[in-house]
Amino acid sequence: MYFQTIDEIKKRVVDCNVKICVIGVGTIGLPLATFLAKKGFKVNGLDISQRRVDQINNATVIYEYQDMLRDVTKNKNLLATTDPENALNDVEVIFVCVPTPLNKNNEMDIVNLNDVAKRISPFLKKGMILIFESSVAIGTTKQISETIESLTNLKFGDDLGLAYCPERYNPTPMKKQTQDTEFNIHSRGENFTVDKISRVVGGINEKSTEIAQLFYSQFITTGVTKLSSIEAAEATKLLENIFRDVNIALVNELAKIFPKFGLDVFEIINAAKTKPFAFMPHFPGAGVGGECIPVDTWYLISQAEELGIDTKLMKVARSVNDSMPDHVVSMLEDELNKIGKKLESSQVTILGLCYKKNIPDVRLSPTFPLIEKLTSKNVNTIVCDPVYEKINSPVKLTPIIDSFKKSDAILLITDHDDFQNLNFEKISTEMNTKIVIDGRNFFNHDNLDKFGFTYRAIGKPE
Ligand SMILES: NC(=O)c1ccc[n+]([C@@H]2O[C@H](COP(=O)([O-])OP(=O)(O)OC[C@H]3O[C@@H](n4cnc5c(N)ncnc54)[C@H](O)[C@@H]3O)[C@@H](O)[C@H]2O)c1
(Lines give C-alpha, C1' and ligand atoms only; values in the text may rest on other atoms or scores of the structure.)
Protein backbone atom coordinates (compact mmCIF):
# COMPACT_ATOMS: atom_id res chain seq x y z
CA MET A 1 0.00 0.00 0.00
CA TYR A 2 2.89 2.34 0.78
CA PHE A 3 3.76 2.56 -2.92
CA GLN A 4 0.28 3.55 -4.00
CA THR A 5 -0.65 7.18 -4.54
CA ILE A 6 -2.22 9.01 -1.62
CA ASP A 7 -5.53 9.12 -3.51
CA GLU A 8 -5.45 5.35 -3.99
CA ILE A 9 -4.54 4.82 -0.35
CA LYS A 10 -7.27 7.20 0.76
CA LYS A 11 -9.89 5.24 -1.16
CA ARG A 12 -8.73 1.95 0.31
CA VAL A 13 -8.66 3.37 3.85
CA VAL A 14 -12.08 4.96 3.56
CA ASP A 15 -13.42 1.68 2.15
CA CYS A 16 -11.68 -0.23 5.00
CA ASN A 17 -10.05 -2.27 2.29
CA VAL A 18 -6.81 -2.83 4.24
CA LYS A 19 -5.93 -5.56 6.70
CA ILE A 20 -4.39 -4.40 9.96
CA CYS A 21 -2.40 -5.97 12.78
CA VAL A 22 -2.20 -4.48 16.28
CA ILE A 23 0.74 -5.85 18.27
CA GLY A 24 0.27 -5.83 22.06
CA VAL A 25 -3.49 -5.90 22.58
CA GLY A 26 -3.43 -4.67 26.19
CA THR A 27 -4.77 -1.52 27.84
CA ILE A 28 -3.79 0.64 24.85
CA GLY A 29 -3.76 -1.80 21.95
CA LEU A 30 -7.15 -3.39 22.53
CA PRO A 31 -9.24 -0.17 22.40
CA LEU A 32 -7.34 0.78 19.22
CA ALA A 33 -7.97 -2.64 17.66
CA THR A 34 -11.61 -2.52 18.74
CA PHE A 35 -12.24 0.90 17.18
CA LEU A 36 -10.50 -0.06 13.92
CA ALA A 37 -12.50 -3.30 13.73
CA LYS A 38 -15.73 -1.48 14.57
CA LYS A 39 -15.01 0.93 11.72
CA GLY A 40 -14.93 -2.08 9.40
CA PHE A 41 -11.26 -3.01 9.05
CA LYS A 42 -10.17 -6.64 9.37
CA VAL A 43 -7.86 -6.53 12.38
CA ASN A 44 -5.55 -9.18 13.81
CA GLY A 45 -4.36 -8.72 17.39
CA LEU A 46 -0.93 -10.20 18.07
CA ASP A 47 0.05 -10.77 21.69
CA ILE A 48 2.49 -12.97 23.60
CA SER A 49 -0.12 -13.81 26.23
CA GLN A 50 -2.36 -16.75 25.33
CA ARG A 51 -4.65 -15.77 28.21
CA ARG A 52 -5.13 -12.30 26.75
CA VAL A 53 -5.72 -13.74 23.28
CA ASP A 54 -8.39 -16.11 24.63
CA GLN A 55 -10.06 -13.31 26.58
CA ILE A 56 -10.21 -11.16 23.45
CA ASN A 57 -11.53 -13.92 21.19
CA ASN A 58 -14.14 -14.82 23.81
CA ALA A 59 -14.90 -11.10 24.35
CA THR A 60 -14.46 -11.50 28.09
CA VAL A 61 -12.03 -8.61 28.60
CA ILE A 62 -13.55 -6.29 31.16
CA TYR A 63 -13.11 -2.80 29.78
CA GLU A 64 -15.08 0.14 28.55
CA TYR A 65 -15.63 -1.19 25.05
CA GLN A 66 -16.64 -4.74 25.90
CA ASP A 67 -19.93 -4.45 23.99
CA MET A 68 -18.04 -3.29 20.91
CA LEU A 69 -15.58 -6.15 21.40
CA ARG A 70 -18.48 -8.62 21.40
CA ASP A 71 -19.66 -7.21 18.06
CA VAL A 72 -16.27 -7.20 16.36
CA THR A 73 -15.30 -10.69 17.51
CA LYS A 74 -18.71 -11.99 16.50
CA ASN A 75 -18.45 -10.57 12.98
CA LYS A 76 -14.79 -11.72 12.87
CA ASN A 77 -13.41 -8.26 12.21
CA LEU A 78 -11.10 -8.75 15.20
CA LEU A 79 -9.21 -11.94 15.82
CA ALA A 80 -6.35 -12.30 18.30
CA THR A 81 -3.48 -14.74 18.10
CA THR A 82 -0.02 -15.42 19.51
CA ASP A 83 1.31 -16.53 16.14
CA PRO A 84 3.09 -13.72 14.25
CA GLU A 85 2.91 -15.49 10.89
CA ASN A 86 -0.86 -15.81 11.18
CA ALA A 87 -1.23 -12.31 12.55
CA LEU A 88 0.69 -10.71 9.70
CA ASN A 89 -0.84 -12.72 6.87
CA ASP A 90 -2.02 -10.25 4.18
CA VAL A 91 -1.59 -7.37 6.62
CA GLU A 92 -0.44 -4.02 5.26
CA VAL A 93 -0.55 -1.80 8.34
CA ILE A 94 0.93 -2.67 11.74
CA PHE A 95 0.32 -0.78 14.98
CA VAL A 96 2.70 -1.47 17.88
CA CYS A 97 1.38 -1.00 21.44
CA VAL A 98 3.64 -3.13 23.66
CA PRO A 99 4.70 -2.05 27.17
CA THR A 100 7.78 0.11 27.67
CA PRO A 101 8.49 0.00 31.40
CA LEU A 102 11.50 1.35 33.29
CA ASN A 103 14.53 -0.78 33.99
CA LYS A 104 16.32 -0.81 37.36
CA ASN A 105 18.25 2.36 36.45
CA ASN A 106 15.04 4.25 35.69
CA GLU A 107 15.78 4.16 31.96
CA MET A 108 13.39 2.97 29.28
CA ASP A 109 13.43 -0.79 28.85
CA ILE A 110 13.39 -1.50 25.15
CA VAL A 111 13.14 -5.27 25.54
CA ASN A 112 9.51 -5.64 24.37
CA LEU A 113 10.04 -3.46 21.33
CA ASN A 114 13.16 -5.44 20.40
CA ASP A 115 11.18 -8.63 20.84
CA VAL A 116 8.51 -7.31 18.48
CA ALA A 117 11.20 -6.44 15.93
CA LYS A 118 12.57 -9.99 16.05
CA ARG A 119 9.19 -11.69 15.96
CA ILE A 120 7.75 -9.74 13.05
CA SER A 121 10.83 -9.23 10.87
CA PRO A 122 10.56 -12.57 9.03
CA PHE A 123 7.05 -11.63 7.90
CA LEU A 124 7.56 -8.01 6.87
CA LYS A 125 7.13 -7.19 3.20
CA LYS A 126 7.75 -4.17 1.02
CA GLY A 127 4.85 -1.75 1.04
CA MET A 128 3.82 -2.23 4.68
CA ILE A 129 3.40 0.67 7.10
CA LEU A 130 4.37 0.47 10.78
CA ILE A 131 2.84 2.87 13.29
CA PHE A 132 4.15 2.86 16.87
CA GLU A 133 2.02 3.95 19.84
CA SER A 134 4.11 2.73 22.80
CA SER A 135 5.35 5.62 24.95
CA VAL A 136 9.07 5.95 24.36
CA ALA A 137 12.17 8.05 24.91
CA ILE A 138 12.96 10.37 22.01
CA GLY A 139 14.55 8.50 19.11
CA THR A 140 13.37 5.03 20.15
CA THR A 141 11.04 4.50 17.18
CA LYS A 142 13.91 5.19 14.77
CA GLN A 143 16.17 2.93 16.84
CA ILE A 144 13.70 0.05 16.56
CA SER A 145 13.26 0.73 12.86
CA GLU A 146 17.02 0.35 12.45
CA THR A 147 16.88 -2.97 14.31
CA ILE A 148 14.19 -4.10 11.89
CA GLU A 149 16.25 -2.92 8.94
CA SER A 150 19.20 -4.94 10.22
CA LEU A 151 17.00 -8.04 10.45
CA THR A 152 15.44 -7.64 7.01
CA ASN A 153 16.61 -6.29 3.71
CA LEU A 154 14.03 -3.56 3.93
CA LYS A 155 14.55 0.15 4.41
CA PHE A 156 12.05 2.46 6.11
CA GLY A 157 11.16 5.37 3.90
CA ASP A 158 12.07 3.43 0.72
CA ASP A 159 10.36 0.05 1.26
CA LEU A 160 8.22 0.57 4.33
CA GLY A 161 6.31 3.46 5.88
CA LEU A 162 6.96 4.44 9.50
CA ALA A 163 5.07 6.74 11.87
CA TYR A 164 4.55 7.39 15.55
CA CYS A 165 1.25 8.35 17.19
CA PRO A 166 1.38 8.67 20.98
CA GLU A 167 -1.59 7.09 22.67
CA ARG A 168 -3.74 9.31 24.88
CA TYR A 169 -5.93 6.67 26.43
CA ASN A 170 -7.76 7.61 29.59
CA PRO A 171 -8.18 4.35 31.56
CA THR A 172 -11.82 3.78 32.37
CA PRO A 173 -13.07 3.84 35.90
CA MET A 174 -15.12 0.83 36.87
CA LYS A 175 -17.97 0.82 39.31
CA LYS A 176 -18.05 -1.63 42.13
CA GLN A 177 -18.98 -5.10 41.00
CA THR A 178 -22.59 -6.12 40.79
CA GLN A 179 -21.86 -9.82 40.47
CA ASP A 180 -19.10 -11.91 41.96
CA THR A 181 -16.86 -11.90 38.94
CA GLU A 182 -17.86 -8.88 36.96
CA PHE A 183 -17.32 -5.18 37.08
CA ASN A 184 -19.91 -2.75 36.06
CA ILE A 185 -18.34 -0.23 33.72
CA HIS A 186 -18.82 3.40 34.63
CA SER A 187 -20.34 5.44 31.92
CA ARG A 188 -17.97 8.27 31.13
CA GLY A 189 -20.71 9.95 29.12
CA GLU A 190 -19.66 11.57 25.91
CA ASN A 191 -16.26 12.67 27.15
CA PHE A 192 -12.87 11.27 26.30
CA THR A 193 -13.84 8.00 24.71
CA VAL A 194 -11.09 6.88 22.30
CA ASP A 195 -12.81 8.45 19.31
CA LYS A 196 -13.14 11.83 21.08
CA ILE A 197 -9.49 12.22 22.03
CA SER A 198 -7.56 14.12 19.38
CA ARG A 199 -4.19 12.76 18.31
CA VAL A 200 -0.88 13.84 16.82
CA VAL A 201 1.20 11.89 14.31
CA GLY A 202 4.72 12.17 12.98
CA GLY A 203 6.26 10.06 10.24
CA ILE A 204 9.62 9.26 8.75
CA ASN A 205 8.48 11.22 5.70
CA GLU A 206 5.44 13.20 4.58
CA LYS A 207 3.79 10.15 3.02
CA SER A 208 4.04 8.08 6.22
CA THR A 209 2.65 10.97 8.25
CA GLU A 210 -0.23 11.40 5.86
CA ILE A 211 -1.09 7.70 5.83
CA ALA A 212 -1.03 7.56 9.65
CA GLN A 213 -3.26 10.62 9.79
CA LEU A 214 -5.66 8.98 7.35
CA PHE A 215 -6.02 5.84 9.48
CA TYR A 216 -6.62 7.66 12.75
CA SER A 217 -9.02 10.06 11.07
CA GLN A 218 -11.29 7.10 10.31
CA PHE A 219 -12.31 6.83 13.96
CA ILE A 220 -11.01 9.95 15.73
CA THR A 221 -13.61 12.68 15.40
CA THR A 222 -11.72 15.49 17.12
CA GLY A 223 -8.73 15.96 14.82
CA VAL A 224 -5.43 14.29 14.01
CA THR A 225 -2.58 16.79 13.78
CA LYS A 226 0.43 16.15 11.57
CA LEU A 227 3.82 16.93 13.12
CA SER A 228 7.17 17.47 11.43
CA SER A 229 8.78 14.20 12.56
CA ILE A 230 8.54 11.00 14.56
CA GLU A 231 10.70 12.58 17.26
CA ALA A 232 8.32 15.55 17.56
CA ALA A 233 5.46 13.12 18.20
CA GLU A 234 7.52 11.15 20.75
CA ALA A 235 8.46 14.39 22.54
CA THR A 236 4.83 15.56 22.57
CA LYS A 237 3.85 12.53 24.62
CA LEU A 238 6.71 13.17 27.05
CA LEU A 239 5.69 16.81 27.46
CA GLU A 240 2.07 15.87 28.18
CA ASN A 241 3.01 13.50 30.97
CA ILE A 242 5.88 15.53 32.40
CA PHE A 243 3.57 18.55 32.53
CA ARG A 244 1.27 16.56 34.78
CA ASP A 245 4.09 15.15 36.89
CA VAL A 246 5.58 18.59 37.54
CA ASN A 247 2.24 20.23 38.29
CA ILE A 248 1.18 17.45 40.63
CA ALA A 249 4.55 17.82 42.39
CA LEU A 250 3.83 21.53 42.85
CA VAL A 251 0.48 20.92 44.53
CA ASN A 252 1.92 18.04 46.56
CA GLU A 253 4.50 20.44 47.92
CA LEU A 254 1.84 23.05 48.59
CA ALA A 255 -0.17 20.33 50.36
CA LYS A 256 2.65 20.11 52.88
CA ILE A 257 3.02 23.89 53.28
CA PHE A 258 -0.49 25.40 53.20
CA PRO A 259 -1.92 23.37 56.11
CA LYS A 260 0.83 24.89 58.30
CA PHE A 261 -0.86 28.26 57.63
CA GLY A 262 -4.19 26.74 58.55
CA LEU A 263 -5.15 26.60 54.88
CA ASP A 264 -6.87 23.88 52.92
CA VAL A 265 -4.94 23.40 49.66
CA PHE A 266 -8.07 22.16 47.87
CA GLU A 267 -9.88 25.41 48.65
CA ILE A 268 -6.93 27.36 47.28
CA ILE A 269 -6.67 25.28 44.09
CA ASN A 270 -10.39 25.60 43.46
CA ALA A 271 -10.16 29.32 44.07
CA ALA A 272 -7.29 29.66 41.59
CA LYS A 273 -9.41 27.69 39.13
CA THR A 274 -11.86 30.59 38.98
CA LYS A 275 -9.24 32.52 37.01
CA PRO A 276 -10.45 32.14 33.44
CA PHE A 277 -7.02 31.82 31.82
CA ALA A 278 -3.49 30.57 32.48
CA PHE A 279 -4.34 28.18 35.31
CA MET A 280 -5.02 24.46 35.13
CA PRO A 281 -5.91 22.69 38.37
CA HIS A 282 -3.95 19.68 39.58
CA PHE A 283 -4.65 18.03 42.92
CA PRO A 284 -2.36 16.56 45.58
CA GLY A 285 -2.49 12.98 46.76
CA ALA A 286 -0.73 10.03 48.32
CA GLY A 287 1.50 9.48 45.28
CA VAL A 288 1.70 9.25 41.49
CA GLY A 289 1.68 5.78 39.91
CA GLY A 290 0.98 3.96 36.68
CA GLU A 291 3.31 3.20 33.81
CA CYS A 292 2.68 6.57 32.31
CA ILE A 293 3.38 9.79 34.22
CA PRO A 294 6.38 8.74 36.33
CA VAL A 295 7.86 6.62 33.57
CA ASP A 296 7.86 9.32 30.91
CA THR A 297 9.53 11.84 33.21
CA TRP A 298 12.31 9.34 33.89
CA TYR A 299 12.78 8.65 30.17
CA LEU A 300 13.61 12.29 29.54
CA ILE A 301 15.69 12.72 32.70
CA SER A 302 17.93 9.85 31.68
CA GLN A 303 18.17 11.03 28.08
CA ALA A 304 19.01 14.60 29.11
CA GLU A 305 21.62 13.41 31.58
CA GLU A 306 23.30 11.37 28.87
CA LEU A 307 23.62 14.67 27.05
CA GLY A 308 25.17 16.30 30.13
CA ILE A 309 22.07 18.35 30.97
CA ASP A 310 21.13 18.48 34.64
CA THR A 311 17.35 18.15 34.74
CA LYS A 312 16.75 19.85 38.06
CA LEU A 313 13.02 20.49 37.80
CA MET A 314 11.99 17.06 36.55
CA LYS A 315 14.11 15.28 39.15
CA VAL A 316 12.68 17.39 41.94
CA ALA A 317 9.16 16.69 40.65
CA ARG A 318 9.83 12.95 40.74
CA SER A 319 11.30 13.18 44.19
CA VAL A 320 8.42 15.29 45.58
CA ASN A 321 5.84 12.90 44.14
CA ASP A 322 7.77 9.87 45.37
CA SER A 323 7.89 11.43 48.85
CA MET A 324 4.11 11.34 49.29
CA PRO A 325 3.88 7.82 50.76
CA ASP A 326 6.46 8.94 53.35
CA HIS A 327 4.31 11.98 54.04
CA VAL A 328 1.38 9.66 54.76
CA VAL A 329 3.56 7.69 57.17
CA SER A 330 4.68 10.83 59.00
CA MET A 331 1.05 12.02 59.35
CA LEU A 332 0.20 8.60 60.76
CA GLU A 333 3.14 8.65 63.15
CA ASP A 334 2.14 12.14 64.39
CA GLU A 335 -1.36 11.00 65.17
CA LEU A 336 -0.23 7.80 66.89
CA ASN A 337 2.29 9.74 68.98
CA LYS A 338 -0.41 12.19 70.07
CA ILE A 339 -2.25 9.36 71.76
CA GLY A 340 0.91 7.91 73.24
CA LYS A 341 1.32 5.12 70.69
CA LYS A 342 4.32 4.22 68.64
CA LEU A 343 4.32 3.57 64.92
CA GLU A 344 6.39 0.45 65.48
CA SER A 345 4.26 -2.60 66.18
CA SER A 346 1.04 -0.83 65.24
CA GLN A 347 -1.42 -2.29 62.75
CA VAL A 348 -2.77 -0.25 59.86
CA THR A 349 -5.39 -0.88 57.23
CA ILE A 350 -4.38 0.37 53.78
CA LEU A 351 -7.28 1.09 51.45
CA GLY A 352 -6.20 0.79 47.82
CA LEU A 353 -3.46 -1.00 45.96
CA CYS A 354 -4.37 0.27 42.48
CA TYR A 355 -2.57 3.40 41.36
CA LYS A 356 -5.79 5.06 40.21
CA LYS A 357 -9.41 5.28 41.27
CA ASN A 358 -11.55 2.34 40.11
CA ILE A 359 -8.85 1.08 37.70
CA PRO A 360 -7.64 -2.51 38.25
CA ASP A 361 -3.99 -1.62 37.60
CA VAL A 362 -1.28 -1.62 40.27
CA ARG A 363 1.72 -0.73 38.11
CA LEU A 364 4.05 1.59 40.07
CA SER A 365 1.35 2.15 42.66
CA PRO A 366 2.44 4.35 45.61
CA THR A 367 0.96 1.70 47.90
CA PHE A 368 4.01 -0.51 47.30
CA PRO A 369 6.60 1.93 48.73
CA LEU A 370 4.12 2.71 51.49
CA ILE A 371 3.90 -0.95 52.48
CA GLU A 372 7.69 -1.24 52.26
CA LYS A 373 8.21 1.76 54.52
CA LEU A 374 5.67 0.56 57.08
CA THR A 375 7.02 -2.99 57.05
CA SER A 376 10.53 -1.65 57.65
CA LYS A 377 9.12 0.06 60.76
CA ASN A 378 7.63 -3.22 61.93
CA VAL A 379 4.07 -2.11 61.23
CA ASN A 380 1.55 -4.82 60.48
CA THR A 381 -0.24 -3.86 57.25
CA ILE A 382 -3.61 -5.09 56.04
CA VAL A 383 -4.18 -4.22 52.39
CA CYS A 384 -7.66 -4.02 50.98
CA ASP A 385 -8.52 -3.39 47.34
CA PRO A 386 -11.90 -4.64 46.12
CA VAL A 387 -11.19 -3.50 42.54
CA TYR A 388 -7.91 -5.36 42.20
CA GLU A 389 -9.18 -8.32 44.22
CA LYS A 390 -11.53 -9.15 41.38
CA ILE A 391 -8.76 -9.85 38.89
CA ASN A 392 -6.95 -12.47 40.97
CA SER A 393 -4.40 -10.22 42.59
CA PRO A 394 -1.00 -11.85 43.14
CA VAL A 395 -0.69 -9.62 46.22
CA LYS A 396 -2.35 -10.81 49.42
CA LEU A 397 -5.48 -8.72 49.86
CA THR A 398 -7.99 -8.73 52.67
CA PRO A 399 -11.72 -8.40 51.95
CA ILE A 400 -13.19 -5.10 53.17
CA ILE A 401 -15.26 -6.80 55.81
CA ASP A 402 -12.19 -8.27 57.55
CA SER A 403 -9.88 -5.31 57.10
CA PHE A 404 -10.39 -3.20 60.20
CA LYS A 405 -10.30 -5.57 63.18
CA LYS A 406 -7.71 -4.44 65.76
CA SER A 407 -6.23 -1.83 63.43
CA ASP A 408 -4.83 1.40 64.82
CA ALA A 409 -5.41 3.45 61.70
CA ILE A 410 -6.88 3.53 58.21
CA LEU A 411 -4.77 4.92 55.35
CA LEU A 412 -6.81 5.76 52.25
CA ILE A 413 -4.48 5.65 49.25
CA THR A 414 -6.85 4.96 46.33
CA ASP A 415 -10.26 6.61 46.18
CA HIS A 416 -12.20 3.63 44.80
CA ASP A 417 -15.98 4.00 44.85
CA ASP A 418 -16.09 0.83 46.98
CA PHE A 419 -14.70 2.84 49.89
CA GLN A 420 -17.44 5.46 49.63
CA ASN A 421 -19.99 3.75 51.81
CA LEU A 422 -17.86 2.20 54.53
CA ASN A 423 -19.83 1.64 57.69
CA PHE A 424 -17.73 3.75 60.05
CA GLU A 425 -20.10 3.17 62.91
CA LYS A 426 -19.34 -0.55 62.78
CA ILE A 427 -15.68 -0.05 61.92
CA SER A 428 -15.26 2.22 64.95
CA THR A 429 -16.20 -0.70 67.20
CA GLU A 430 -13.65 -3.00 65.56
CA MET A 431 -10.53 -0.83 65.59
CA ASN A 432 -8.01 -0.43 68.39
CA THR A 433 -7.62 3.28 67.87
CA LYS A 434 -9.65 5.37 65.50
CA ILE A 435 -7.35 7.27 63.15
CA VAL A 436 -8.01 7.97 59.47
CA ILE A 437 -5.32 9.40 57.18
CA ASP A 438 -6.97 10.42 53.93
CA GLY A 439 -4.58 10.50 50.97
CA ARG A 440 -7.17 11.62 48.41
CA ASN A 441 -9.46 14.16 50.07
CA PHE A 442 -12.09 11.45 49.92
CA PHE A 443 -13.90 10.92 53.18
CA ASN A 444 -16.55 13.08 54.76
CA HIS A 445 -14.88 14.60 57.80
CA ASP A 446 -18.16 15.13 59.69
CA ASN A 447 -19.17 11.52 59.29
CA LEU A 448 -15.88 10.37 60.78
CA ASP A 449 -16.09 12.91 63.63
CA LYS A 450 -19.47 11.53 64.52
CA PHE A 451 -17.99 8.12 65.28
CA GLY A 452 -14.98 9.42 67.19
CA PHE A 453 -12.32 9.15 64.49
CA THR A 454 -9.33 11.44 64.35
CA TYR A 455 -9.22 12.60 60.73
CA ARG A 456 -6.20 13.94 58.86
CA ALA A 457 -6.12 14.54 55.13
CA ILE A 458 -3.25 15.44 52.82
CA GLY A 459 -3.42 19.16 52.11
CA LYS A 460 -5.91 19.99 54.88
CA PRO A 461 -5.15 21.75 58.15
CA GLU A 462 -5.24 19.68 61.35
N1 LIG B 1 -2.21 2.15 30.27
C2 LIG B 1 -2.13 3.45 30.13
O3 LIG B 1 -2.97 4.19 30.62
C4 LIG B 1 -1.01 4.07 29.37
C5 LIG B 1 -0.93 5.42 29.41
C6 LIG B 1 0.09 6.01 28.71
C7 LIG B 1 0.98 5.28 27.97
N8 LIG B 1 0.86 3.94 27.93
C9 LIG B 1 1.82 3.25 27.10
O10 LIG B 1 1.20 2.34 26.20
C11 LIG B 1 2.07 1.24 25.96
C12 LIG B 1 1.32 -0.04 26.21
O13 LIG B 1 0.96 -0.08 27.58
P14 LIG B 1 -0.31 -0.85 28.10
O15 LIG B 1 -0.76 -0.12 29.33
O16 LIG B 1 -1.27 -1.09 27.01
O17 LIG B 1 0.35 -2.22 28.54
P18 LIG B 1 -0.43 -3.56 28.92
O19 LIG B 1 0.51 -4.31 29.77
O20 LIG B 1 -1.79 -3.26 29.40
O21 LIG B 1 -0.60 -4.30 27.53
C22 LIG B 1 0.48 -4.67 26.76
C23 LIG B 1 0.14 -5.94 25.99
O24 LIG B 1 1.27 -6.23 25.18
C25 LIG B 1 1.55 -7.62 25.29
N26 LIG B 1 2.96 -7.80 24.98
C27 LIG B 1 4.02 -7.60 25.77
N28 LIG B 1 5.16 -7.85 25.11
C29 LIG B 1 4.80 -8.22 23.86
C30 LIG B 1 5.51 -8.62 22.72
N31 LIG B 1 6.84 -8.66 22.73
N32 LIG B 1 4.83 -8.96 21.60
C33 LIG B 1 3.47 -8.93 21.59
N34 LIG B 1 2.74 -8.56 22.66
C35 LIG B 1 3.39 -8.21 23.78
C36 LIG B 1 1.16 -7.98 26.69
O37 LIG B 1 0.89 -9.37 26.82
C38 LIG B 1 -0.10 -7.13 26.89
O39 LIG B 1 -1.27 -7.80 26.49
C40 LIG B 1 3.28 1.46 26.86
O41 LIG B 1 4.30 2.07 26.13
C42 LIG B 1 2.76 2.40 27.92
O43 LIG B 1 3.78 3.18 28.49
C44 LIG B 1 -0.11 3.31 28.61
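## Sheet and helix arrangement

In this predicted model, eight strands form an open sheet of mixed pairing, in the order S3-S2-S1-S4-S5-S6-S9-S10. Its edges are strand S3 (78-81) and strand S10 (224-226), each of which pairs on one side only, and the twist from one strand to the next averages 25°. Helix H9 (residues 230-257) lies across strand S6 (161-164) and strand S9 (199-203), and runs at about 145° to S9.

| Strand pair | Sense | Bridges | Bridge partners |
|---|---|---|---|
| S14 (residues 435-438) and S15 (residues 454-457) | parallel | four | Ile435 and Thr454 |

Strands S14 and S15 also belong, together with helix H17 (residues 445-450), to a right-handed β-α-β unit.

Turning to helix packing, helix H13 (residues 324-338) and helix H14 (residues 367-376) have axes that come within 9 Å and cross at roughly 45°. H13 and H14 are therefore oblique to each other, and the crossing in which H13 passes H14 is right-handed. On the side of H13 the contact is made by Pro325, Asp326, Val328 and Val329, while H14 contributes Pro369, Leu370, Lys373 and Leu374. Sorted by class, the residues in this contact of H13 with H14 comprise six nonpolar and two charged ones, with no polar residue.

How values were computed
Residues are numbered from 1 along each chain as its sequence is written. This is a predicted model: local features need pLDDT of at least 70, side-chain atom pairs count only at pLDDT 80 or more; totals for chains, interfaces and linings use all residues. Two strands pair if DSSP finds at least two bridges between them. Helices (H or I, at least four residues) and strands (E, at least two) are DSSP runs, numbered from the N terminus. A crossover is right-handed if, with the strands pointing away from the viewer, the path from the first strand over the helix to the second runs clockwise. Axes are lines fitted to C-alpha atoms, for helices over the stretch in contact, and angles run from 0 to 180 degrees between N-to-C directions. Angles under 35 degrees count as roughly parallel, over 145 as roughly antiparallel, 65 to 115 as roughly perpendicular and the rest as oblique. A crossing is left-handed if the near helix is turned anticlockwise from the far one by less than a right angle, and right-handed if clockwise. Two residues are in contact if their C-beta atoms, placed from the backbone, lie within 7 Å. Ala, Val, Leu, Ile, Met, Phe, Trp, Tyr, Cys and Pro count as nonpolar, Asp, Glu, Lys and Arg as charged, and the others, Gly among them, as polar.
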